[in-house]
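Next on the agenda is one structure. Please take a moment with the view before I go through the side chains.

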Amino acid sequence: MAKEPVLLSGGNPQISKGDGDAPVQAYIAAMPGWKSDAGKRLDALIMRTVPAAQKAVRWNSPFYGVEGQGWFISFHCFTKYIKVTLFRGTSLDPEPPVGSKDPEARYFHIYEDEAPDEALMARWIGQAAALPGWIP
């Protein structure tokens, strides 16, 4: 019998580091409640917008990047929302709404009772993928 993923504080799934779609899908499947469906929609939107995006799980979060450019987007579960990180968010037009301690990163949050603006999200994703990404 497969062991259920542990949920860390705030309900974020603990998923082993890995490359490719399989660990990202394991993360999404382990997202609690409404967040799993939101994660599926976000993953599909990212892949529709950037079909060649590479996927991985790092630090218990899915990351998406462009080969040779680094990571451009990631997301993470918190108790009441999903935090989506755009690593070069200050270079996007318009800038995503939530600031960061990192001088270049910006965030937006997805809440259960608010439908996200998918057209705006796709615009941010497309712009972010065209920029040099974050390389840890």
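I start with Tyr111, which counts as partly exposed because its relative accessibility is 29% (buried is under 20%, exposed over 50%, partly exposed in between, with a 1.4 Å probe and protein chains only). This is a predicted model, so local features need pLDDT of at least 70 and side-chain atom pairs 80 or more, while totals for chains, interfaces and linings use all residues. Numbering runs from 1 along each chain as its sequence is written, and side-chain values use heavy atoms, without hydrogens or water.

Now the rings. How many aromatic pairs does the structure hold? There are eleven (ring centres within 6.5 Å, six-membered ring for Trp; planes under 30 degrees apart are stacked, over 60 edge-to-face, the rest tilted). Tyr111 is in one of them: with Tyr81 it makes a tilted pair, 5.4 Å centre to centre and 45° between the planes. That pair joins distant parts of the chain, since Tyr81 is in strand S5, residues 81-86, and Tyr111 in strand S6, residues 106-111, 30 residues apart (DSSP runs numbered from the N terminus: helices H or I of at least four residues, strands E of at least two).

A second tilted pair is Phe108 with Trp124, at 5.2 Å between centres and 35° between planes. Phe108 belongs to S6 and Trp124 to helix H3, residues 118-130, so this pair ties together parts 16 residues apart in sequence. Are these two buried or exposed? Phe108 is buried, at a relative accessible area of 5%, and Trp124 is buried, also at 5%.

Elsewhere, Trp59, Phe63, Trp71, Phe87 and Trp134 are linked by ring pairs into a cluster.

Next, the largest nonpolar core. It has 29 residues, and those touching the most other members are Tyr27, Tyr64, Phe72, Ile73, Phe75, Val84 and Ile110 (buried Ala, Val, Leu, Ile, Met, Phe, Trp, Tyr and Cys joined through side-chain atoms within 4.5 Å). At least two residues each come from H1, H2, strand S4 (70-77), S5, S6 and H3. Which element gives the largest share of this core? H3 does, with five residues.

Take Ile110 from that list. Beyond its neighbours within four places in sequence, Ile110 is in contact (heavy atoms within 4.5 Å) with Trp34, Ala38, Leu42, Tyr81, Ile82, Val84, Pro116 and Met121. Tyr81 in that set is also the ring partner of Tyr111.
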